[in-house]
Amino acid sequence: MNSLDIVSLGEKVLAGHEISATEALALATAQSTDIPLIAAYANKIREHFAGQTVDMCGIISARSGMCSEDCKFCAQSVHHQTNAPVYPLLEPETILAAAKQAEAQGAKRASIVTSGKGMDNDPQFPAIIAAIQAIHRETRLKICANLGTITPDQAKQLAAAGVKRYAHNIETSRRFYPEICTTHPFEERLATIKAAKAADLELCTGGIMGLGETWEDRVDMALTLRDIGVHSVPINILNPIKGTALESVVPPTPLDCIKTFAIFRFILPAAVIRPAGGREINMRDMQGALMLAGANGLIIGNYLTFTGRNTPADFTMVEDAGLIPS
């Protein structure tokens, strides 16, 4: 893949055409000296199809730890021995207070996240609904929920309570997924995504890079997200937490991350592509480069089991890139 080929593919996307898996994989073969060119075209594609706004979303960790599933990257799994916080579902008023704090820090969207496989037969689901209703009444936040697997009826209840977007990642490609999780199948994740979509909820669906997957896996994940029709694509960059099964994995380099985000923008021209957990650790001083490589969303504040960076710094980063936090 040379510079002329990159320009040709960039112009193809700008003209409204989709790129194929073969073309996306060709971009992945570009040398490091051409990564800024791929990023520049990703930035042009973002501007053309998604504008200049950046979706700023805060996370509310409403229940933490003791998850029965064996996702190899997760510090909250009972299969791992980590220092991740463990606590039951927060009271609705505590969740509301966290939402108000996120709003005060500038977030326009907040995602309520609970540990565990999902909500099927979960007796705490009504309390979660009550917390969502309170946030809907008392803030101007757009509300997302990330509660694991849900039934079609629960998806409808979430929509009625005020949830606008449901977050449920596919994590990686269908091929590589069994290497990452064995306690529930890829198809079960797709079933929850379909239930959310059927309830007219927007989809916040992405995954993690740096798990040991190939470029083919990354491209396949992006193409699956395109087929699903997702609105928002959070891309986490592995933070190899001590005590997890992936604690010894070497994370991707900043240039590898930039190339990945840019290729996702080529495949998903109009989506919100959102750098998420691990960006501070893996991108280091180059975080701002992602905002010029097609990104137009951020997870701000802290994550589920480790801290993020200073929220005002993220707003400054967005504005310095000539973009508009929203």
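In what sense do β7 and strand β8 (residues 272–275) pair, and over how many bridges?

1. First, the ground rules. This is a predicted model, where local features need pLDDT of at least 70, side-chain atom pairs count only at pLDDT 80 or more, and totals for chains, interfaces and linings use all residues. Residues are numbered from 1 along each chain as its sequence is written, and side-chain values use heavy atoms, with hydrogens and water left out.

2. Back to the opening question: β7 and β8 pair in the parallel sense over four bridges. Strands here are DSSP runs of E, at least two residues, and helices are runs of H or I, at least four, numbered from the N terminus; pairing takes at least two DSSP bridges between the strands. Ile 235 sits opposite Pro 275 in β8. Between β7 and β8 the chain passes through helix α9 (residues 254–267), in a right-handed β-α-β crossover. Right-handed means that, with the strands pointing away from the viewer, the path from the first strand over the helix to the second runs clockwise.

3. β7 has another partner to look at: strand β6 (residues 207–209), also parallel, over three bridges. Met 209 is opposite Ile 237 in β7. The chain gets from β6 to β7 by way of helix α8 (residues 215–228), and this β-α-β crossover is right-handed.

4. How enclosed is β7? Six of the six residues of β7 (residues 232–237) are buried, so the strand is largely enclosed by the rest of the structure. Buried means under 20% relative accessible area (1.4 Å probe, protein chains only). Ser 232, Pro 234 and Asn 236 point one way, while Val 233, Ile 235 and Ile 237 point the other.

Key. Buried means under 20% relative accessible area, exposed over 50%, partly exposed in between (1.4 Å probe, protein chains only).
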